[in-house]
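Here is a friendly tour of a protein model. Keep the sequence and the 3D view open side by side as you read.

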Amino acid sequence: MQVYQYPERKEWPALLKRPVIEAGDLKASVTGLLLKVKEGGDAAVRELNARFDGISTPALEVEQHHIEAAGDQLPGPLKSAIRQAAANIRSFHAPQAAGELAVETMPGVRCWRRSVGIESVGLYIPGGTAPLFSTVLMLGIPATIAGCREIILCTPPGKDGNIHPAILFAATVAGINKIYRAGGVQAIGAMAFGTETVPAVRKIFGPGNQYVTCAKQLVQQQGVAIDMPAGPSEVAVYADASAVPAYVAADLLSQAEHGPDSQVVLVLSDETLLAPVQAEITRQLSTLGRQAFASAALENSKIFIVKNTAEAMDLLNAYAPEHLILSCRDSAAAGAMVVNAGSVFLGNYSPESAGDYATGTNHTLPTNGYATTYSGVSVDSFVKKITYQQLTREGLQQIGPAVMEMAAAEGLGAHRNAVALRLSPQPVTAAIES
């Protein structure tokens, strides 16, 4: 990790830049693949599955008997863990679906909002180097709570053409039973445009590599909504003298092992922590099964030494991390200073991995600095908010003069007339309030 001691604020923007991916060739390649899926349907998806993942998928949809049998292939403790995580995720997300309260803005004028689940949503679950069954829970459970009528899931199968049983079991726990064998750009294209087998959806969710991210951004330009812009996963840790070096190192490595394009950032307000944290990183790294991934990620990662907590929080807000761990005294006070972050972990006993799996909060979060303007996935991500208003005659009498005055000033006579007719002493027809 690169170390920067007391950098000046004017240097922060350059130092905090994420690794840049050359987008020109990527966009052209992904555009061509999406067009192939749009025109070729199932056959194109199967061809691209074979080309990029080396798998044969004669049947894209996973048969129900495979889904139902998945639990039998998993050890009991893992199934219990998945159920526990699902229960916590439901507990955290269920209150987000609470109905909106009606507001009487003035006597006789009542306004409210109603949440309506998006009719069809598609969830993309990466396969790659690890089966991310936890993401099935993080996306599927809020979707079911929101009341989405159709929820489908696309994920790349293994070399044997089968999907990992933990993904299938998590889907069952989350209430999803439409699952398709498709990965990468072809999965995004199938959900965006529809094929003979895969239905088109209105909004696509889920993480992925640079090709998946690019595909999501391109289909968004064609009218299909997506959850958020995304990039490689990342974590930032702030540690003061109260932090435990072994814990800090473990948190950094838990993010670095995602992949070589992940980034970790450490901010220290106590320079004496630097050596013990570096020593712990070296020691723990040697024990990891995904050592190569973590090592590559650490090469692009940084350590900043700053003067105090206030400066640390300013730097971290400028970085806007996906995950932010505050291993410091009075972490709640430091947490109150956060304005840009996807998810915040307070104190020495709140590792990011707890939120990744089982605290109940959602781990699908804005990356690449988008935490400045985006929130993580929630029930709100799966609903539309429709506004309503209902006026009584007395309410219209109260608000009508203001409406007519404003409409006339804008030169919109029909707008004014729609109110004036209703308030006329001799109405055109008798009206019954409903």
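## A buried lysine without a partner

Lys-79 is buried, yet it has no salt bridge. Buried here means under 20% relative accessible area, exposed means over 50%, and partly exposed lies in between (1.4 Å probe, protein chains only). A salt bridge is a side-chain nitrogen of Lys or Arg within 4 Å of a carboxyl oxygen of Asp or Glu. For Lys-79, the nearest side chain of opposite charge is Asp-72, 5.2 Å away; Lys and Arg count as positive and Asp and Glu as negative, while His and the chain ends are not counted.

What does the side chain of Lys-79 have around it? A polar atom of this side chain lies 3.1 Å from the backbone oxygen of Gly-71. Leaving aside neighbours within four places in sequence, Lys-79 is in contact (heavy atoms within 4.5 Å) with Gly-71, Leu-74 and Phe-169. You can find Lys-79 in helix α4, residues 76-93. Helices (H or I, at least four residues) and strands (E, at least two) are DSSP runs, numbered from the N terminus.

## About the model

This is a predicted model, in which local features need pLDDT of at least 70 and side-chain atom pairs count only at pLDDT 80 or more, while totals for chains, interfaces and linings use all residues. Residues are numbered from 1 along each chain as its sequence is written, and side-chain values use heavy atoms, with hydrogens and water left out.

## The whole protein

The protein has 16 helices and 14 strands. Of its 434 residues, 46% count as buried. Taken along the principal axes, the C-alpha atoms fill a box of roughly 85 × 60 × 45 Å. Among contacts between residues at least 6 apart in sequence, 75% join residues at least 24 apart.

## Salt bridges

Side chains of opposite charge can pair when their charged atoms come close. How many salt bridges does a search of the whole structure find? The search finds 13.

One of them joins Arg-9 and Asp-314, with the closest N and O atoms 2.9 Å apart. This pair links distant parts of the chain, 305 residues apart: Arg-9 is in the loop between β1 (2-5) and α1 (12-15), and Asp-314 is in helix α12. Arg-9 counts as partly exposed because its relative accessibility is 46%, and Asp-314 is also partly exposed, at 35%.

Lys-10 forms a salt bridge with Glu-8, the closest N and O atoms being 3.7 Å apart. With a relative accessible area of 69%, Lys-10 is exposed, whereas Glu-8, at 45%, is partly exposed. Asp-380 and Lys-385 meet through their side chains in another salt bridge (3.4 Å, N to O).

Most residues other than glycine have a negative phi. Ala-320, however, has a positive phi near 55 degrees, and Asp-330 has one of about 50 degrees. Ala-320 sits in the loop between α12 (309-319) and β12 (323-327), while Asp-330 lies in the loop between β12 and α13 (331-335).

Are these two residues buried or exposed? Ala-320 is buried, because its relative accessibility is 0%. Asp-330, at 55%, counts as exposed.

Technical notes: Polar contact = N/O pair within 3.5 Å; in protein donor to acceptor, adjacent residues only side chain to side chain.
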